[in-house]
Amino acid sequence: MTSQKSNTKDASASSGVWHSVRENFGLIAIALVLAFLIRTFIAEPRYIPSDSMVPTLHTGDRLVVEKISYYFHPPHLGDIIVFQPPEKLQQKGYPKDQAFIKRVIGEPGQTVGISDGKVYINGQPLQENYIAEPPIQPLTQVQVPDNEFFVMGDNRNDSNDSRYWGFLPRQNIIGRAVFRFWPFDRIGFV
């Protein structure tokens, strides 16, 4: 009878261990699905790889990019956005999954031009207290097409942006940079 009790005890312990393992695997699966859904549809971390957004963002900064707001409204003038490279950049060798970060300067229907170190939107000079220095290269006035945007880096004279590869299609936009979480001495909203 003792061996029967021992077998029953072993089976009960084995069942408890198996139940615990299944529960842990279930929790891990739920966590992975939630992480995937959050990163895909809500927010994701990003790393700044270049100086094109200096002085606002620096190489090595880490940001949270939120993805929800652009489901409800289009990007606005001044938003700092993260996007996949448009076709023209992909043709130059940039991979489709490489993310870029720039500031929205022109919205659909607006005209954008650069003259005498100033950016003009619909003929009015844009007040830009966030740039590294005024742009030195002029740009003949262009009109931003529907569902596209004109974007530029804050480091105007060291930025690969719409001046060189054209307009950014809305469908290429991943989200809006909202919060810098690294380095700690510059933590805060962008």
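Biologist: What makes strand 4, residues 100-106, count as mostly covered?

Modeller: Seven of the seven residues in strand 4 are buried. Buried means under 20% relative accessible area, exposed means over 50%, and partly exposed lies in between, with a 1.4 Å probe and protein chains only. A strand here is a DSSP run of E with at least two residues, a helix is a run of H or I with at least four, and both are numbered from the N terminus. This is a predicted model, in which local features need pLDDT of at least 70 and side-chain atom pairs count only at pLDDT 80 or more, while totals for chains, interfaces and linings use all residues. Residues are numbered from 1 along each chain as its sequence is written, and side-chain values use heavy atoms, with hydrogens and water left out.

Biologist: How do you know that strand 4 pairs with strand 3?

Modeller: Two strands pair if DSSP finds at least two bridges between them. Four bridges join strand 3 (residues 80-83) to strand 4, and the two run antiparallel. In one of these bridges, I80 has R103 of strand 4 as its partner.

Biologist: What joins strand 4 to strand 9?

Modeller: Three bridges do, again in an antiparallel arrangement, with strand 9 covering residues 148-152. G106 has F150 of strand 9 as its bridge partner.

Biologist: Which residues make up the largest nonpolar core?

Modeller: The core has 12 residues: I105, V112, I114, V119, I121, L126, Y130, I131, L139, V144, F150 and M152. At least two residues of this core come from each of strand 5 (111-115), strand 6 (118-121) and strand 9. The term nonpolar core is used for a set of buried Ala, Val, Leu, Ile, Met, Phe, Trp, Tyr and Cys residues joined through side-chain atoms within 4.5 Å. Another core lies apart from it and has 11 residues, including Y70, F100, F149 and I173.

Biologist: Which residues does M152 touch?

Modeller: Leaving aside residues up to four places away in sequence, M152 touches M53, K102, R103, I105, I114, V119, S159, D161 and R163. Contact means heavy atoms within 4.5 Å.

Biologist: Why is the pair of F83 and F100 called stacked?

Modeller: Rings of Phe, Tyr and Trp (its six-membered ring) pair if their centres lie within 6.5 Å; planes under 30 degrees apart count as stacked, over 60 as edge-to-face and the rest as tilted. The ring centres of F83 and F100 are 5.8 Å apart and the planes are at 25°, so the pair is stacked. F83 is in strand 3 and F100 in strand 4, so the pair ties together parts 17 residues apart in sequence. F83 is buried because its relative accessibility is 0%, and F100 is buried at 10%. Ring pairs also link F83, Y94, F100 and W165 into a cluster.

Biologist: How do you know whether the pair of W182 and F184 is stacked or edge-to-face?

Modeller: The angle decides: the planes of W182 and F184 are at 75°, with 4.9 Å centre to centre, and the pair is edge-to-face. W182 has a relative accessible area of 39%, so it is partly exposed. F184 has 60%, so it is exposed. In the whole structure the search finds six aromatic pairs.

Biologist: What sits over the ring of Y130?

Modeller: The charged end of R103 does, 3.7 Å from the ring centre. The term requires NZ of Lys or CZ of Arg within 6 Å of the ring centre and within 35 degrees of the ring normal.

Biologist: What makes E44 and K67 a salt bridge?

Modeller: A salt bridge needs a side-chain nitrogen of Lys or Arg within 4 Å of a carboxyl oxygen of Asp or Glu. The closest N and O atoms of E44 and K67 are 2.4 Å apart, and the pair qualifies. E44 counts as buried because its relative accessibility is 6%, and K67 counts as buried at 10%. The structure holds eight salt bridges. Salt bridges with shared partners join E44, R46 and K67 into one network.
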